[in-house]
Amino acid sequence: MRGHISAHAVCTAIRDDIVSGALAPGSRLIEEILAARYGVSRVPVREALRTLQSEGFVTTRHHAGACVAEPTEQEAADLLDVRALLEPLGAARAAARRSPAHLKVLRGLVRLGRERARHGSPADLRQLDGWFHETLAQAAGSPSLTALLTQLRRKIEWMYAVELPARTGESWDEHGAVLDAVARGDAERARALMAAHVERSLPVYRLRRPAETETGEPKAPRVRNPKPPVNTARARS
(Lines give C-alpha, C1' and ligand atoms only; values in the text may rest on other atoms or scores of the structure.)
Protein backbone atom coordinates (compact mmCIF):
# COMPACT_ATOMS: atom_id res chain seq x y z
CA MET A 1 0.00 0.00 0.00
CA ARG A 2 2.97 2.28 0.40
CA GLY A 3 3.09 3.37 -3.22
CA HIS A 4 -0.56 4.48 -3.17
CA ILE A 5 0.12 7.55 -0.97
CA SER A 6 1.00 10.57 -3.09
CA ALA A 7 3.98 12.86 -2.63
CA HIS A 8 1.47 15.70 -2.13
CA ALA A 9 -0.09 13.89 0.85
CA VAL A 10 3.34 13.17 2.33
CA CYS A 11 4.35 16.80 1.77
CA THR A 12 1.24 17.97 3.62
CA ALA A 13 1.91 15.58 6.51
CA ILE A 14 5.55 16.66 6.90
CA ARG A 15 4.62 20.35 6.60
CA ASP A 16 1.93 19.97 9.25
CA ASP A 17 4.43 18.31 11.60
CA ILE A 18 6.93 21.12 10.99
CA VAL A 19 4.32 23.82 11.59
CA SER A 20 3.05 22.14 14.79
CA GLY A 21 6.59 21.70 16.12
CA ALA A 22 6.50 17.90 16.04
CA LEU A 23 9.53 18.20 13.75
CA ALA A 24 11.61 20.87 15.45
CA PRO A 25 13.72 23.54 13.68
CA GLY A 26 17.18 22.18 12.91
CA SER A 27 16.20 18.51 13.22
CA ARG A 28 17.44 16.15 10.53
CA LEU A 29 14.94 14.75 8.05
CA ILE A 30 16.14 11.27 7.17
CA GLU A 31 14.22 9.74 4.27
CA GLU A 32 14.15 6.23 5.70
CA ILE A 33 12.83 7.39 9.09
CA LEU A 34 10.22 9.66 7.50
CA ALA A 35 9.09 6.85 5.19
CA ALA A 36 8.50 4.62 8.22
CA ARG A 37 6.79 7.46 10.11
CA TYR A 38 4.23 8.08 7.38
CA GLY A 39 3.98 4.52 6.06
CA VAL A 40 5.27 5.27 2.56
CA SER A 41 8.26 4.51 0.38
CA ARG A 42 11.24 6.85 0.20
CA VAL A 43 10.28 8.14 -3.27
CA PRO A 44 7.34 10.37 -2.21
CA VAL A 45 9.35 11.47 0.83
CA ARG A 46 12.18 12.62 -1.43
CA GLU A 47 9.75 14.52 -3.65
CA ALA A 48 8.04 16.06 -0.62
CA LEU A 49 11.35 17.28 0.81
CA ARG A 50 12.20 18.98 -2.48
CA THR A 51 8.86 20.78 -2.42
CA LEU A 52 9.27 21.82 1.21
CA GLN A 53 12.77 23.09 0.47
CA SER A 54 11.38 25.31 -2.30
CA GLU A 55 8.79 26.62 0.20
CA GLY A 56 11.43 27.42 2.81
CA PHE A 57 10.42 24.83 5.42
CA VAL A 58 13.40 22.57 4.74
CA THR A 59 17.06 23.30 4.10
CA THR A 60 20.03 21.14 3.11
CA ARG A 61 23.21 21.17 5.18
CA HIS A 62 26.64 19.94 4.21
CA HIS A 63 27.25 16.46 5.68
CA ALA A 64 23.80 16.52 7.36
CA GLY A 65 21.39 16.38 4.44
CA ALA A 66 17.85 17.70 4.72
CA CYS A 67 16.92 19.49 7.95
CA VAL A 68 13.99 21.54 9.19
CA ALA A 69 14.84 25.18 8.47
CA GLU A 70 15.69 27.57 11.31
CA PRO A 71 14.30 30.98 10.33
CA THR A 72 15.82 34.10 11.86
CA GLU A 73 13.78 36.75 13.69
CA GLN A 74 14.27 39.06 10.72
CA GLU A 75 12.87 36.45 8.35
CA ALA A 76 9.88 36.07 10.66
CA ALA A 77 9.32 39.84 10.79
CA ASP A 78 9.53 40.00 7.00
CA LEU A 79 6.63 37.55 6.76
CA LEU A 80 4.35 39.99 8.57
CA ASP A 81 5.43 42.76 6.20
CA VAL A 82 4.67 40.58 3.19
CA ARG A 83 1.29 39.70 4.67
CA ALA A 84 0.53 43.42 5.05
CA LEU A 85 1.09 43.82 1.30
CA LEU A 86 -0.54 40.65 -0.03
CA GLU A 87 -3.68 40.32 2.13
CA PRO A 88 -5.06 43.76 1.09
CA LEU A 89 -4.27 42.93 -2.53
CA GLY A 90 -6.13 39.65 -2.17
CA ALA A 91 -9.16 41.43 -0.70
CA ALA A 92 -9.19 43.92 -3.57
CA ARG A 93 -8.99 41.13 -6.14
CA ALA A 94 -11.77 39.25 -4.34
CA ALA A 95 -14.02 42.31 -4.62
CA ALA A 96 -13.59 42.21 -8.38
CA ARG A 97 -13.69 38.45 -8.94
CA ARG A 98 -15.63 36.73 -6.14
CA SER A 99 -18.37 34.28 -7.02
CA PRO A 100 -21.78 33.88 -5.32
CA ALA A 101 -20.46 30.66 -3.79
CA HIS A 102 -17.52 32.50 -2.21
CA LEU A 103 -19.85 35.14 -0.77
CA LYS A 104 -22.13 32.48 0.68
CA VAL A 105 -19.25 30.75 2.46
CA LEU A 106 -17.77 34.04 3.69
CA ARG A 107 -21.11 35.19 5.08
CA GLY A 108 -21.53 31.89 6.89
CA LEU A 109 -18.05 32.18 8.40
CA VAL A 110 -18.63 35.76 9.58
CA ARG A 111 -21.94 34.76 11.13
CA LEU A 112 -20.33 31.83 12.95
CA GLY A 113 -17.32 33.94 13.97
CA ARG A 114 -19.50 36.60 15.55
CA GLU A 115 -21.52 33.92 17.35
CA ARG A 116 -18.41 32.16 18.70
CA ALA A 117 -16.88 35.50 19.74
CA ARG A 118 -19.95 36.20 21.88
CA HIS A 119 -19.80 32.79 23.54
CA GLY A 120 -16.01 32.53 23.87
CA SER A 121 -14.79 29.53 21.84
CA PRO A 122 -11.02 30.16 21.28
CA ALA A 123 -10.27 27.00 19.29
CA ASP A 124 -13.26 27.54 17.02
CA LEU A 125 -12.35 31.19 16.47
CA ARG A 126 -8.81 30.39 15.34
CA GLN A 127 -10.09 27.81 12.89
CA LEU A 128 -12.86 30.08 11.58
CA ASP A 129 -10.40 32.95 11.16
CA GLY A 130 -8.15 30.74 9.07
CA TRP A 131 -11.06 29.58 6.93
CA PHE A 132 -12.21 33.17 6.38
CA HIS A 133 -8.81 34.32 5.13
CA GLU A 134 -8.32 31.18 3.02
CA THR A 135 -11.74 31.56 1.38
CA LEU A 136 -11.08 35.24 0.72
CA ALA A 137 -7.78 34.28 -0.91
CA GLN A 138 -9.58 31.75 -3.13
CA ALA A 139 -12.15 34.41 -4.04
CA ALA A 140 -9.32 36.51 -5.49
CA GLY A 141 -9.55 34.35 -8.61
CA SER A 142 -5.77 34.05 -8.98
CA PRO A 143 -4.22 30.61 -8.35
CA SER A 144 -0.76 32.13 -7.95
CA LEU A 145 -1.91 34.75 -5.44
CA THR A 146 -3.98 32.18 -3.56
CA ALA A 147 -0.95 29.86 -3.35
CA LEU A 148 1.26 32.70 -2.08
CA LEU A 149 -1.26 33.69 0.60
CA THR A 150 -1.76 30.08 1.68
CA GLN A 151 1.98 29.44 1.96
CA LEU A 152 2.43 32.75 3.79
CA ARG A 153 -0.21 31.84 6.38
CA ARG A 154 1.42 28.44 6.96
CA LYS A 155 4.84 30.00 7.54
CA ILE A 156 3.43 32.63 9.90
CA GLU A 157 1.65 29.86 11.82
CA TRP A 158 4.97 28.00 12.00
CA MET A 159 7.02 30.94 13.26
CA TYR A 160 4.47 32.64 15.49
CA ALA A 161 2.12 31.68 18.28
CA VAL A 162 -1.12 33.62 17.93
CA GLU A 163 -2.65 34.79 21.18
CA LEU A 164 -6.40 35.20 21.03
CA PRO A 165 -7.02 38.97 21.18
CA ALA A 166 -9.34 40.52 23.75
CA ARG A 167 -11.07 42.26 20.85
CA THR A 168 -12.41 39.12 19.16
CA GLY A 169 -15.79 40.70 18.56
CA GLU A 170 -14.19 43.75 16.94
CA SER A 171 -11.99 41.51 14.83
CA TRP A 172 -15.03 39.71 13.42
CA ASP A 173 -16.76 43.04 12.83
CA GLU A 174 -13.71 43.96 10.74
CA HIS A 175 -14.09 40.69 8.83
CA GLY A 176 -17.71 41.60 8.24
CA ALA A 177 -16.78 45.07 6.94
CA VAL A 178 -14.27 43.55 4.52
CA LEU A 179 -16.93 41.10 3.36
CA ASP A 180 -19.44 43.93 2.79
CA ALA A 181 -16.92 45.77 0.61
CA VAL A 182 -16.14 42.58 -1.31
CA ALA A 183 -19.86 41.88 -1.82
CA ARG A 184 -20.38 45.43 -3.17
CA GLY A 185 -17.42 45.04 -5.52
CA ASP A 186 -15.62 47.98 -3.88
CA ALA A 187 -12.00 46.93 -4.38
CA GLU A 188 -10.39 50.04 -2.87
CA ARG A 189 -12.56 49.87 0.23
CA ALA A 190 -11.81 46.17 0.65
CA ARG A 191 -8.09 46.86 0.28
CA ALA A 192 -8.09 49.66 2.86
CA LEU A 193 -10.18 47.72 5.38
CA MET A 194 -7.98 44.63 5.11
CA ALA A 195 -4.82 46.75 5.50
CA ALA A 196 -6.23 48.23 8.71
CA HIS A 197 -7.31 44.78 9.95
CA VAL A 198 -3.84 43.32 9.37
CA GLU A 199 -2.18 46.24 11.17
CA ARG A 200 -4.49 45.96 14.19
CA SER A 201 -3.84 42.21 14.45
CA LEU A 202 -0.06 42.61 14.81
CA PRO A 203 0.05 42.53 18.65
CA VAL A 204 -1.37 38.97 18.79
CA TYR A 205 1.71 37.50 17.09
CA ARG A 206 4.51 36.24 19.35
CA LEU A 207 7.62 34.50 18.07
CA ARG A 208 7.73 30.83 19.02
CA ARG A 209 10.60 29.27 20.86
CA PRO A 210 12.27 26.42 18.92
CA ALA A 211 10.78 23.72 21.18
CA GLU A 212 7.35 25.29 21.51
CA THR A 213 4.48 23.48 19.85
CA GLU A 214 1.16 24.67 18.63
CA THR A 215 -0.59 23.37 21.75
CA GLY A 216 2.15 24.24 24.25
CA GLU A 217 1.94 26.91 26.91
CA PRO A 218 3.28 30.34 25.90
CA LYS A 219 6.95 30.44 26.81
CA ALA A 220 8.59 33.14 24.72
CA PRO A 221 8.22 36.86 25.45
CA ARG A 222 6.30 39.01 23.03
CA VAL A 223 8.46 40.70 20.41
CA ARG A 224 8.92 44.17 21.86
CA ASN A 225 9.40 46.24 18.77
CA PRO A 226 8.20 44.28 15.76
CA LYS A 227 8.67 45.89 12.42
CA PRO A 228 5.27 47.50 11.67
CA PRO A 229 3.52 46.33 8.52
CA VAL A 230 3.09 48.73 5.68
CA ASN A 231 -0.32 50.44 5.67
CA THR A 232 -0.98 50.17 1.99
CA ALA A 233 -4.02 52.44 2.13
CA ARG A 234 -1.91 55.24 3.63
CA ALA A 235 1.07 54.55 1.38
CA ARG A 236 -0.97 55.13 -1.75
CA SER A 237 -2.47 58.45 -0.56
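User: A cavity is a set of points on a 1 Å grid over the protein atoms alone where a 1.4 Å probe fits but cannot get out. How many cavities of 30 Å³ or more does the count give here?

Analyst: Rolling a probe the size of a water molecule over the atoms shows where empty space is left. This is a predicted model, in which local features need pLDDT of at least 70, side-chain atom pairs count only at pLDDT 80 or more, and totals for chains, interfaces and linings use all residues. Residues are numbered from 1 along each chain as its sequence is written, and side-chain values use heavy atoms, without hydrogens and water. The count gives two cavities of 30 Å³ or more.

User: Which residues line the largest cavity?

Analyst: The lining (residues with an atom within 4 Å of a point) consists of E87, G90, A91, H133, L136, A137, L149 and R153. Helix 4 (73-97), helix 6 (122-139) and helix 7 (143-159) each contribute at least two residues to this lining; helices are DSSP runs of H or I, at least four residues, numbered from the N terminus.

User: Is T135 buried or exposed?

Analyst: T135, a residue of helix 6, is buried (under 20% relative accessible area with a 1.4 Å probe, protein chains only), because its relative accessible area is 10%. A polar atom of the T135 side chain lies 2.8 Å from the backbone oxygen of W131. Beyond its neighbours within four places in sequence, T135 is in contact (heavy atoms within 4.5 Å) with H102, V105, L106 and L109.

Terms used: On a 1 Å grid over the protein atoms alone, a cavity is a set of points where a 1.4 Å probe fits but cannot get out, and a pocket is an open set with protein on both sides within 12 Å along at least five of seven lines; lining residues have an atom within 4 Å of a point. Grid points are joined across faces, edges and corners, and a volume is the space filled by probe spheres set on the points. Buried means under 20% relative accessible area, exposed over 50%, partly exposed in between (1.4 Å probe, protein chains only). A polar contact is a pair of N or O atoms within 3.5 Å; within protein, one must be able to donate a hydrogen and the other to accept it, and residues adjacent in sequence count only if both atoms are side-chain atoms.
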